[in-house]
Amino acid sequence: MYQIDLTGEIALVTGASRGIGRAIAETLGKAGATVVGTATTEKGATAISEYLNAAGVTGQGLLLDVASSESVDGVIKAVNDQFGAITVLVNNAGITRDNLLMRMKDEEWDSILNTNLSSIYRTSKACLRGMMKAKKGRIISIASVVGATGNPGQANYAAAKAGMVGFSKSLAREIGSRNITVNVVAPGFIDTDMTRELSEEQRQILSSNIPLTRFGQATDIANAVLFLASSMGAYITGETLHVNGGMHMS
Amino acid sequence: MSDIESRVKAIIVEQLGVDEADVKNEASFIDDLGADSLDTVELVMALEEEFGIEIPDEEAEKITTVQAAIDYAKAAQAKA
């Protein structure tokens, strides 16, 4: 029987208080990794500590604002000091600020680019030193099918998500020789708080374009991340793994 | 050879996987010792750890030869 074992790995999962991030944190933890999940509020960080604890996972929730370099550097140093060098980085934190481009405010554009794209520049850079020393590492960023297909009302979000792909390909080339892989997982429509904002009619229309005829579960994404984080994904780098029930086939 | 010089050279030998005999003071990491740009970044990281110093990026970019690394390490130690 194949066994995925992440014992000894230290994983940092951003945006882990709910939804896909939570599923990733729990899945990596159950596979044996030490997991630090981050949230933007104390309440979220506490919730992460609680569910990790309840699942018997070593690790904790920490407060992190991925839009701030100081916050990122501080949290990564804290994880280093307490648990050791991060060997699995999962860039999951993200927000939406949907609007038609003609109505989009500068602030809506800037905040999406900063939180969804510049954040992975900050976290990846901060984790690289430890990974290079360890001569191993996995950087996995959660993008979106929208980055590949586009979506009206999401020019900012789609631009940031597509930007993650180019970033990851470049970084994969830079540090492949150090046994560090850099990949993207691009979820389709997953049943989370973010997609629960859609109306029932929108959900019906979307589902009709999905060959597997349903929204995905957060665990579907977590399993893809687990695969890439494990030794089974060792020879995959610079790749975007689409997990979307077939709605977009790249 | 001073203590600092020998420590710097030992790091270069280890990081770049080159023969000690090739690590001449005037040698350039990239042109003479076969390093690529990522190797030089790692080398600076190793120097930082060996000497307990932090080398800012703009200074790190100037450390391109064995002598430059030795000079930087000596200056940093003198300040410490």
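Predicted model: local features only at pLDDT ≥ 70, side-chain atom pairs only at ≥ 80, totals over all residues.
**View 1. Contact between chain A and chain B.** On the chain A side, 8 residues are in contact with 7 residues of chain B. The size of an interface is often given as the accessible area lost when the parts come together. Here, the area buried between chain A and chain B is about 700 Å², and carbon and sulfur atoms give 47% of that area. Within chain A, the residues that lose the most area to chain B are Arg129(A), Met132(A) and Arg178(A). Together these three residues account for 70% of what the chain A side buries.

**View 2. Polar pairs and chain A elements at the interface.** Between chain A and chain B the count is 4 salt bridges. The count of residue pairs in polar contact between chain A and chain B, with both residues at pLDDT 80 or more, is 4. Helices H4 and H6 (155-175) of chain A are the elements that give two or more residues to the side touching chain B. H4(A) gives the most, with 3 residues. Sorted by class, this side of chain A has 5 charged, 2 nonpolar and 1 polar residues.

**View 3. The salt bridge between Lys133(A) and Glu49(B).** The side chains of Lys133(A) and Glu49(B) meet in a salt bridge, with an N to O distance of 3.3 Å. Lys133(A) belongs to helix H4 (residues 106-134) of chain A and Glu49(B) to helix H2 (residues 37-51) of chain B, so this pair joins two chains. Lys133(A) counts as exposed because its relative accessibility is 51%, and the cut-off for exposed is over 50%. Glu49(B), with a relative accessible area of 44%, is partly exposed.

**View 4. The salt bridge between Glu50(B) and Arg7(B).** In chain B, Glu50(B) forms a salt bridge with Arg7(B), and the closest N and O atoms are 2.9 Å apart. This pair links distant parts of the chain, 43 residues apart: Glu50(B) is in helix H2 of chain B, and Arg7(B) is in helix H1 (residues 3-16) of chain B. Glu50(B) is partly exposed at a relative accessible area of 34%. Arg7(B) also counts as partly exposed, at 25% relative accessibility.

**View 5. A salt-bridge network in chain A.** Salt bridges link Arg18(A), Asp191(A), Asp193(A), Arg196(A) and Arg203(A) in a network. One of its pairs is Arg196(A) with Asp193(A), at 2.7 Å from N to O. Both residues of this pair lie in helix H7 (residues 193-196) of chain A, 3 residues apart, or about one turn of the helix. Arg196(A) is partly exposed, with a relative accessible area of 47%, and Asp193(A) is partly exposed at 36% relative accessibility. Over all chains, the count comes to 17 salt bridges.

**View 6. The largest nonpolar core.** In soluble globular proteins, nonpolar side chains tend to be buried together. The largest nonpolar core of this model has 32 residues, and Ile24(A), Leu28(A), Val35(A), Val185(A) and Val225(A) touch the most other members. Among the elements that each supply at least two residues of this core are strand S2 (34-39), strand S5 (137-142) and helix H9 (218-229) of chain A. H9(A) provides the largest share, 8 residues. Leaving out residues up to four places away in sequence, the residues that Leu28(A) touches include Leu6(A), Val13(A), Val35(A), Val90(A), Val225(A) and Leu226(A).

Technical notes: Residues numbered from 1 in each chain as written. Chains lettered and ligands numbered in written order. Heavy atoms only, no water. Helix = DSSP H or I, 4+ residues; strand = E, 2+ residues; numbered from the N terminus. Buried < 20%, exposed > 50% of the residue type's maximum accessible area, 1.4 Å probe, protein only. Contact = heavy atoms within 4.5 Å. Buried area = accessible area lost by both parts, 1.4 Å probe. Polar contact = N/O pair within 3.5 Å; in protein donor to acceptor, adjacent residues only side chain to side chain. Nonpolar A, V, L, I, M, F, W, Y, C, P; charged D, E, K, R; others polar. Core = buried A, V, L, I, M, F, W, Y, C linked by side-chain atoms within 4.5 Å.
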